[in-house]
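Morning, everyone. Please have the sequence and the model open while I talk.

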Amino acid sequence: MDTFNFSNITLDIIDYIERNFSSPITLQTIAEYVGYNKNYICSVFKHDMDMTIIDYLNYVRIITASQYFKYSDRHISRIAQRCGFSDVSHFSHTFKKIMGVSPAEYRRKTPDT
């Protein structure tokens with residue numbers, strides 16, 4: 001991802017999410033971290049990334065989960081929890097939305113490495 005033209009706010013948000021995605025994150029915690037209000041950071045991030053902060057957070061979590069499926073045999077609920085999801089149903093729905101297949105189907109289709 002080319003971040004050259006991104007604002008420092010967006011870069012700080014990306015950094016925060018990538019370091020803390022496995023923990024509970026709210027827009028308020030991110031806003032406090034970067035020092036601006038929620039509405040402003042959402043607007044800046046959407047302008048730079050063409051996606052919402054929550055969509056990016058979910059993307060990072062799901063891409064990480066897909067790596068767990070490739071390189072471990074952990075149960076889906078454990079992977080969901082490690083990637084910051086407290087609800088397996090929400091995790092599965094989000095995974096399918098982003099990856100195009102359910103977590104179980106992804107695991108079956110992913111060759112062992």
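One definition before we start: contact here means heavy atoms within 4.5 Å. Keep that in mind whenever I say that something covers or touches something else. Also, this is a predicted model.

Let me begin with helix α6. What covers the buried residues of α6? The cover includes α4 (53–71), α5 (76–82) and α7 (103–109). The buried residues themselves are F91, T94 and F95. They sit on the same side of α6, because they cover an arc of only 105 degrees around the axis. Here is the general background. An α-helix has 3.6 residues a turn, so residues three or four places apart point the same way. Now turn the helix over. The face away from the buried side carries exposed residues: S89, H93 and K97.

Next, the dimensions and ends of α6. The helix runs over residues 88–99, which is 12 residues. From first C-alpha to last it reaches 16 Å, close to the 16 Å expected at 1.5 Å a residue. At its start, look at D87. A side-chain oxygen of D87 comes to within 3.1 Å of the backbone nitrogen of S89. At the other end, α6 is followed by G100. The phi of G100 is positive, near 90 degrees.

Staying there, move on to V101. This residue lies in the loop between α6 and α7. Is V101 buried or exposed? V101 has a relative accessible area of 15%. The cut-off for buried is under 20%, so V101 counts as buried. Which residues does V101 contact, leaving aside neighbours within four places in sequence? They are F95, K96, Y106 and K109.

Let me zoom out to the whole chain. The protein chain has 7 helices and 0 strands. Along the sequence the pattern reads α-α-α-α-α-α-α. The C-alpha atoms fill a box of roughly 40 × 25 × 20 Å, taken along the principal axes. Of the 113 residues, 34% are buried. As for the surface, the chain exposes about 7,000 Å². Carbon and sulfur atoms supply 49% of that area.

On to the other helices. Take α1, residues 8–20. It has 13 residues and reaches 18 Å from its first C-alpha to its last. That is close to the 18 Å expected at 1.5 Å a residue. Buried in α1 are I9, T10, I13, I14, Y16 and I17. They cover an arc of only 165 degrees around the axis, which puts them on the same side of α1. The cover over them includes α2, α3 and α4.

With 0% relative accessibility, T10 counts as buried. What does the T10 side chain make a polar contact with? The partner is the side chain of D48, at 2.7 Å. Not counting residues up to four places away in sequence, T10 touches V44, F45, D48 and M49.

Then α2. Its buried residues are I30, A31 and V34. Seen down the axis of α2, these fall within an arc of 100 degrees, so they line one face of the helix. What covers them includes α1, α3 and α4. After α2 comes G35, whose phi is positive, near 85 degrees.

Last topic, the cores. In soluble globular proteins, nonpolar side chains tend to be buried together. The largest nonpolar core here holds 19 residues. Which of them touch the most other members? Those are I13, I17, I30, I41, F45, I53 and Y56. The elements giving two or more residues to this core are α1, α2 (27–34), α3 (38–49) and α4. Of these, α1 gives the most, with 5 residues. For a close look, pick I30. Leaving aside neighbours within four places in sequence, I30 is in contact with I13, Y16, I17, I25, I41 and I53. There is also a second, separate core, of 11 residues. Its members include A65, I79, F91 and V101.

Definitions and conventions: Residues are numbered from 1 along each chain as its sequence is written. This is a predicted model: local features need pLDDT of at least 70, side-chain atom pairs count only at pLDDT 80 or more; totals for chains, interfaces and linings use all residues. Side-chain values use heavy atoms; hydrogens and water are left out. Helices (H or I, at least four residues) and strands (E, at least two) are DSSP runs, numbered from the N terminus. The expected span of a helix is 1.5 Å times one less than its number of residues. Buried means under 20% relative accessible area, exposed over 50%, partly exposed in between (1.4 Å probe, protein chains only). The arc is that of the directions from the helix axis to the C-beta atoms. A polar contact is a pair of N or O atoms within 3.5 Å; within protein, one must be able to donate a hydrogen and the other to accept it, and residues adjacent in sequence count only if both atoms are side-chain atoms. A nonpolar core is a set of buried Ala, Val, Leu, Ile, Met, Phe, Trp, Tyr and Cys residues joined through side-chain atoms within 4.5 Å. Accessible areas come from the Shrake-Rupley method with a 1.4 Å probe; for residues, only the protein chains shown count as cover.
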